[in-house]
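Dear colleague,

Please read them alongside the coordinates.

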Amino acid sequence: MATDLSKSMLEQCKKAEYDGLSLGRGLSKERLSRFFEPVSGDVYRVKSDIRRAVRFQALNLMDSFLSLGKFDVVFCRNVLIYFSPDLKVDILRRIHGTLKPGGYLILGASEGLSGVGEFYEMVQCNPGIIYRAK
């Protein structure tokens, strides 16, 4: 499940095409060849079997998430910084409601949890931090 507020961004994501520079930031050659196929020049596309497994849906984080189902992991990267502290807490609580017990929340590097410690525990990774649902 991939969500965004912007329908044009969702359309772009459905194409699943990335330039080599974007993919070169942390993606090994082995993973590039395993998960991507060359399109033309320096452009790569996510392989079709992976693309078919992803469902795209418009979602406003201010709306309910209940219809989305339960997840093992939720990526909510670089969006919470745009919300007030109270709205951020509300969104993080509702995300917790979509996580299976012990599921993981992955935030952007500049984001963190505040006011929802009873819902998540911090897990140190190398590098980075993720959060596990309590």
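Strand 1 (2-4), helix 1 (7-15), helix 4 (48-51), strand 6 (71-76) and helix 5 (85-98) each give at least two residues to the lining of the largest pocket, where helices (H or I, at least four residues) and strands (E, at least two) are DSSP runs, numbered from the N terminus. Please note that this is a predicted model, in which local features need pLDDT of at least 70 and side-chain atom pairs count only at pLDDT 80 or more, while totals for chains, interfaces and linings use all residues. Residues are numbered from 1 along each chain as its sequence is written, and side-chain values use heavy atoms, with hydrogens and water left out.

The largest share of that lining, 5 residues, comes from strand 6. The largest pocket has a volume of about 1,500 Å³, and of the 33 residues that line it, the closest to its centre are Met1, Ala2, Thr3, Phe75 and Cys76. (A pocket is an open set of points on a 1 Å grid over the protein atoms alone, where a 1.4 Å probe fits, with protein on both sides within 12 Å along at least five of seven lines; lining residues have an atom within 4 Å of a point. A volume is the space filled by probe spheres set on the points.)

Strand 3 (residues 36-40) and strand 4 (residues 43-46) pair in the antiparallel sense over 4 bridges, pairing being assigned if DSSP finds at least two bridges between two strands. The two strands form a hairpin with 2 residues between them, and Gly41 in the turn has a positive phi of about 55°. Within this pairing, Glu37 has Arg45 in strand 4 as its bridge partner.

The structure holds 8 salt bridges, each a side-chain nitrogen of Lys or Arg within 4 Å of a carboxyl oxygen of Asp or Glu. One of them joins the side chains of Glu17 and Arg45 (2.8 Å, N to O), and this pair links distant parts of the chain, with Glu17 in strand 2 (residues 17-19) and Arg45 in strand 4, 28 residues apart. Another joins Arg51 to Glu37, the closest N and O atoms being 3.8 Å apart; Arg51 lies in helix 4 and Glu37 in strand 3, so this pair ties together parts that are 14 residues apart in sequence. Glu17, Glu37, Arg45 and Arg51 are linked in a network of salt bridges.

With best regards
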